[in-house]
Protein chains: 2
Amino acid sequence: MSLDEQKRSPEATPSDGETVSLLDQLRYLATEGDLVPYLLQVPPSRLAAIARDLGDEVFGDLLGTLDPADAAEILSRLAVADAADVLEAMAPDEAADVMGEIAPEAADRILIEMEPVEAAELRDLLTYPPDTAGGRMTPAFVSIAPDLRADQAVLALRRLAQEAEGVTYVYVTDPHDRLLGVLSLRNLVLSPPHRRVGDLMVTDLVTVPAMADQEEAAHLLTENNLLALPVVDDQRRLLGIITADDVADILAQEATEDITRLGASAPLEEPYLRVSPVELWRKRIVWLFVLFLAQAYTGTVMQFFEAELAEVIALSFFIPLLIGTGGNAGSQVVMTLVRAMTLGEVRFRDLPRVVTKEFATGLMLGITMAVATFIRALMLDVGVDVGMVVAAAVTAIVVWAAVVGAILPMVLRQLKVDPTVVSAPFISTLVDGTGLLIYFTIARMVLRLG
Amino acid sequence: MSLDEQKRSPEATPSDGETVSLLDQLRYLATEGDLVPYLLQVPPSRLAAIARDLGDEVFGDLLGTLDPADAAEILSRLAVADAADVLEAMAPDEAADVMGEIAPEAADRILIEMEPVEAAELRDLLTYPPDTAGGRMTPAFVSIAPDLRADQAVLALRRLAQEAEGVTYVYVTDPHDRLLGVLSLRNLVLSPPHRRVGDLMVTDLVTVPAMADQEEAAHLLTENNLLALPVVDDQRRLLGIITADDVADILAQEATEDITRLGASAPLEEPYLRVSPVELWRKRIVWLFVLFLAQAYTGTVMQFFEAELAEVIALSFFIPLLIGTGGNAGSQVVMTLVRAMTLGEVRFRDLPRVVTKEFATGLMLGITMAVATFIRALMLDVGVDVGMVVAAAVTAIVVWAAVVGAILPMVLRQLKVDPTVVSAPFISTLVDGTGLLIYFTIARMVLRLG
């Protein structure tokens, strides 16, 4: 935090007496992205005072809006007992995300300080990997027995009200916690008071297994326009729910991973600013090196055509332009197509349609670029012959890049390989070597070289 | 639809009597992605029969799950009066999306056939651009006066129940429709029956202006963990609500646009398979041509160093490898960083930290690649001198690509330019020309050429 931002911090206008005002100031820092640096920089005593003034509930809510790694670092600056109180007050799924970022020994010390019920809940959530439905769920749902009458159910809800803050659906379970059906709160309230819950409930309901990928849960939830999705084990026991506000996090995380992969880097596990250069190096070097190996044969191709190059040195002027344009055209195809595959818009059986479409588009793009390349060749004064060679080469290379960029991700997906491995750098690299082959072959034929 | 898929279609096992079974079959087609081709291929009489058998509600729900352009094409195969009935039964925001895809004259004919109230609602929704909060909202909310008692409000809800299917919040408005506060349905039901709604409601509520970008609405909704967000005009009149299940659509659409732009193509307006090659050409040719112009100067650079090239022809062997590796390293930085900026993880004031981080990472990557490049040079038997030149050049180029890839998107964003214009092809192209300059300058110095 720079000095001129310091004056906006709560320190500048101390107001420990006014909790509302303190909260507003912290919220303002949050919108400016200054909240985390501020909370990590104040002395522990001041941090403890802020937590105390806001109260565990409000401070917990505030931490819940932060990245779990940031929240974990802030919590670890509090006394263990205080951290335990804040975690108890947080939404269990958010608390579990934060706990997942705390070192195991420290986490155990905090869990011991927590109320046994809340600690047990957290331990359960921590057993599922964070990117599964079970890792995303919250145990803060309401379940009732099918034999209750509607009015009894409303009374039961009143007792449970505090624990189930955002309740929208009421789940109906048997004595073994197995899910029987669901009722919307609205249905329950608006139904005749004497009707049995078991007669009012909907039994044809969508569920997701705890070990399913979080992305699958997000899709089930949105495709069925639900506000919450029950998570069950293999006995159909209700373990928790995933709520609609989790979907945004899940989708954003998956899109981030896809974009990072499409840039030929492994996804980061933490927000960008928290990742060290060594870690960034680790995430990037594998692909950079694999692409280097794939590209190294361009040298072999060039060496193979050394005689042609020596005879018409002007041919070398167009190498970056031709293979660059091919890589760009391939990247356009790959980025659009891989995304369409992720969204389920394109499936393997569409391969003929996709290839036809990309071939036609590539041909039009290639011819347009041929005109531009020919003009550029005349400008460089390399002669009409070389101009015709480069114009023909750019057309062939663009079409080739488009067709390869269409086929490769679709075939890989069919082979159960994540199609995002066909990144923009990947297709560019692939087109570099093959593009040179196309170029020199055309040059040899047209210019009768060698 | 291919022949062997035909046998899975509802045609094969006619069951017009059993509506449930027909719906299940259509749902199965939907999960296989066959529903749209099927509905567009059956004779209009059969389509009308399907719509009639399912009923307007169920058929409307089914259409609501499709892409609006597909749904519009299917609806336009029905008689105008039938299409109007289905649209009336659909959720208003989904109906508006579909209407937006129908040609204006055809849409007017359908609106005339609709019930005046529903038609007016649709017309209102159609006045906002589809990517704004107003274009995304639904008017299916419940509002009550502040003077009602809690039990009266529940009675009022009972009357409104059918129209407000997924009601979670009850909004409190004054006689001019201005938003005063909000109550969760749960709060309303669980409060003492005699309390005034005006005393129970929360007045400190989050709203979004109708003309705000849909992405802003999505972020407000998720950051505040809401299930619905009220959309207001500049008089704070309640116009509609955006519900949590819309957020997934909004975020997916924004991510798709970003990914397409990062591949140096303009975003498509329809699903990929619906876009014609001419339209794809139009979306791609602008960037492809701009990048071509930017890359054309690589020819000038090469011509400028013609003497060096002629003297040591082996230098040309490494051109694709060096500029390709630079482009790959730059793409890795750009794709990771632009996404982090979109998520708000990185802001302009972080520029020094980002540049330092990327410089350090680039140096480590560059040195690693220098070792690989030197070995490759020895394998190509071009001599230790050239090997040292290419090793030094790859280090410098990778560092240069990383630093440019870090600075450019951040500066553009600060200048209010969408940072996704710095796509993977963009940074590759930029590094191609500058990379050549770096390479030949090092070669000239080390090899004492020219």
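This is a predicted model: local features need pLDDT of at least 70, side-chain atom pairs count only at pLDDT 80 or more; totals for chains, interfaces and linings use all residues.
Local features require a pLDDT of at least 70 and side-chain atom pairs a pLDDT of 80 or more, whereas totals for chains, interfaces and linings use all residues; side-chain values rest on heavy atoms, with hydrogens and water left out. Residues are numbered from 1 along each chain as its sequence is written, and chains are lettered from A and ligands numbered from 1 in the order of writing.

Chain A contains 22 helices and six strands, where helices (H or I, at least four residues) and strands (E, at least two) are DSSP runs numbered from the N terminus. The chain is more spread out than a compact globule, because its radius of gyration is 30 Å, well over the 22 Å that the globule rule gives for 450 residues. This radius is taken over C-alpha atoms, and the rule is 2.2 Å times the number of residues to the power 0.38. Along the principal axes, the C-alpha atoms of chain A fill a box of roughly 90 × 60 × 35 Å.

Of the 450 residues in chain A, 55% are buried; buried denotes under 20% relative accessible area, exposed over 50%, and partly exposed the range in between (1.4 Å probe, protein chains only). The accessible surface of chain A amounts to about 18,800 Å², and carbon and sulfur atoms contribute 58% of it. Among contacts in chain A with a separation of 6 or more, 67% join residues 24 or more positions apart, a contact being heavy atoms within 4.5 Å. Chain A carries 33 positive and 63 negative side chains, and the centres of these two sets are 6 Å apart. Lys and Arg count as positive and Asp and Glu as negative, without His and the chain ends; charges are placed at NZ of Lys, CZ of Arg, CG of Asp or CD of Glu.

An unreviewed UniProt entry lists "domain: CBS" for residues 137-200 and 201-257 of chain A. Positions follow the numbering used here, feature names are shortened, and annotations may be inferred rather than shown by experiment. Residues 201-257 of chain A are 42% helix and 23% strand, with end C-alpha atoms 39 Å apart. The "transmembrane region" annotation, also from an unreviewed UniProt entry, covers residues 285-305, 317-338, 359-380, 386-412 and 424-447 of chain A. Residues 285-305 of chain A are 95% helix and 0% strand, with a distance of 31 Å between the end C-alpha atoms. For residues 359-380 of chain A, the content is 95% helix and 0% strand, and the end C-alpha atoms lie 30 Å apart.

Most residues other than glycine have a negative phi. Lys416(A), not a glycine, has a positive phi of about 65 degrees; this residue lies in the loop between helix H21 (384-414) and helix H22 (424-447) of chain A and is exposed, at 78% relative accessible area. Ala264(B) also is not a glycine and has a positive phi of about 65 degrees. Ala264(B) occupies the loop between helix H16 (244-262) and helix H17 (277-304) of chain B and is buried, at 0% relative accessibility.

Glu358(B), in helix H21 (residues 351-379) of chain B, is buried with a relative accessible area of 0%. Apart from residues up to four places away in sequence, Glu358(B) touches Tyr272(A), Leu280(A), Arg284(A), Val333(B), Ala402(B) and Ala406(B).

Key. Accessible areas come from the Shrake-Rupley method with a 1.4 Å probe; for residues, only the protein chains shown count as cover.
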